[in-house]
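Subject: The structure you asked about

Hi,

Here is the structure for you to look over. Please open it alongside this message.

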Amino acid sequence: MKAVKNELIYFATAVMFFTRIPVPFNIPYSSEIMNQSQKYFSWVGLLIGFINAAIFYLSFQLFNLEIAIVLMMISSVLLTGAFHEDGFTDVCDSFGGGYGKEKIMTIMKDSRVGAYGAIGIILLFALKFFSIKELGSIDVIKTSAIIIFAHTSSRFISGTMIYTHQYVTDIDVSKSKPLANKPLDGKSLLISFLAVLIAFSLLPDWRLIPAFVLAYIGKIYLGWYFRKHIGGYTGDCLGTVQQVGEVLLYLGTIIVWKFI
């Protein structure tokens with residue numbers, strides 16, 4: 001029973017950390033609990049994906065496709081508090097406006113949004129909107145399943161950065177955000193990947209596999225870029241990998257559907 005309770009605490013910690021969904025009980029906090037919660041990052045993505053897909057599908061019953069997508073995107077931002085989007089804008093600002101590790105890290109922890117961040121998030125949202133619109137114009141039900149798969153897979157892929165790259169500590173440790181940054185064992189990675197398999201089972205189309213591979217290639221490139229400039233990754237880098245991975249999953253699906 002204690003083991004089950006611990007796993008529930010780890011999952012609830014992940015939900016509390018990545019979403020605005022209220023957790024109906026007090027959760028003890030420690031760096032170990034935070035680190036153990038990483039196995040449920042993809043499960044939080046599965047939960048967020050289901051909610052977004054439901055809002056997308058139900059909204060489409062009342063409005064046109066474009067309005068349904070915008071309502072879903074609004075719900076996603078409200079649901080997560082724009083957690084990953086904030087990381088993406090910080091990365092755009094810091095890598096776009098900074099030169100050298102110290103300058104990049106200094107800009108990254110600045111809460112203000114600069115030109116690079118504003119332009120980057122607008123283009124990201126536009127790409128996400130038109131990608132989902134392209135998919136939705138083909139099949140709304142399948143697109144709902146793809147949304148779930150994209151949210152789940154992108155968070156799994158982002159989480160693998162913890163296993164493949166070095167965490168870079170903020171130069172001002174007192175302002176560092178809590179973050180799971182220590183790789184766990186293979187069993188924990190399998191638990192995380194299980195959520196991806198569940199999402200895939202909703203639309204067991206082999207053509208989603210190349211889209212997943214494309215998203216992972218995007219993670220490899222971003223990991224190389226981050227390592228080159230700052231020596232590893234930060235929490236904002238993980239958010240960037242998630243956002244870019246989600247969009248690449250949509251784009252990859254479009255490419256595969258178009259040519260295969």
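Below is what turned up, grouped by region.

Before anything else, please keep in mind that this is a predicted model.

**Transmembrane annotation**

The unreviewed UniProt entry places the feature "transmembrane region" at residues 7-28, 40-60, 67-84, 113-132, 184-202 and 208-226. I can describe two of these spans in the model. Residues 7-28 are 55% helix and 0% strand, and the C-alpha atoms at the ends of this span lie 13 Å apart. For residues 184-202, the chain is 84% helix, again with 0% strand, and the end C-alpha atoms are 28 Å apart.

Asn-52 sits in helix α3, which covers residues 41-62. Is Asn-52 buried or exposed? Its relative accessible area is 0%, and the cut-off for buried is under 20%, so Asn-52 counts as buried. The side chain of Asn-52 has a polar partner: it makes a polar contact with the side chain of His-151, at 3.2 Å. Setting aside neighbours within four places in sequence, Asn-52 is in contact with Met-72, Ser-75, Ser-76, Ile-147 and His-151.

**A nonpolar patch on the surface**

Leu-62, Phe-63, Ile-67, Val-70, Leu-71, Ile-74 and Leu-78 form a nonpolar patch on the surface. Together these residues have about 640 Å² of accessible area. Which helix gives the patch its largest share? That is helix α4 (residues 65-80), with five residues. Leu-71 is found in helix α4, and with a relative accessibility of 32% Leu-71 counts as partly exposed.

Ala-82 is worth a look when you have the backbone on screen. Most residues other than glycine have a negative phi. Ala-82 is not a glycine, yet has a positive phi of about 55°. Ala-82 is found in the loop between α4 and α5, the latter being residues 83-97.

**Salt bridges**

How many salt bridges does a search of the whole structure find? The search finds four, and three of them are described here, one by one.

- Lys-39 forms a salt bridge with Glu-7, with the closest N and O atoms 3.5 Å apart. This pair links distant parts of the chain, 32 residues apart: Lys-39 is in the loop between α2 (31-36) and α3, and Glu-7 is in helix α1 (residues 2-18). Lys-39 is buried, at 6% relative accessible area, whereas Glu-7 is partly exposed, at 27%.
- Glu-66 and Lys-133 meet through their side chains in a salt bridge of 3.2 Å, N to O. Here too the pair links distant parts of the chain, with Glu-66 in helix α4 and Lys-133 in helix α7 (residues 115-136), 67 residues apart. Glu-66 is partly exposed, with a relative accessible area of 29%, and Lys-133 is partly exposed as well, with 28%.
- Asp-205 forms a salt bridge with Arg-207, where the closest N and O atoms are 2.8 Å apart. Asp-205 is buried, with a relative accessible area of 14%, and Arg-207 is buried too, at 19%.

Happy to go through any of this with you.

Best wishes

Definitions and conventions:
Residues numbered from 1 in each chain as written. Predicted model: local features only at pLDDT ≥ 70, side-chain atom pairs only at ≥ 80, totals over all residues. Heavy atoms only, no water. UniProt positions renumbered as here; feature names shortened; annotations may be inferred. Helix = DSSP H or I, 4+ residues; strand = E, 2+ residues; numbered from the N terminus. Buried < 20%, exposed > 50% of the residue type's maximum accessible area, 1.4 Å probe, protein only. Polar contact = N/O pair within 3.5 Å; in protein donor to acceptor, adjacent residues only side chain to side chain. Contact = heavy atoms within 4.5 Å. Patch = residues over 30% accessible without salt bridge, like charges linked within 9 Å, V, L, I, M, F, W, Y side chains within 5 Å. Areas by Shrake-Rupley, 256 points an atom, 1.4 Å probe, with all protein chains shown as cover.
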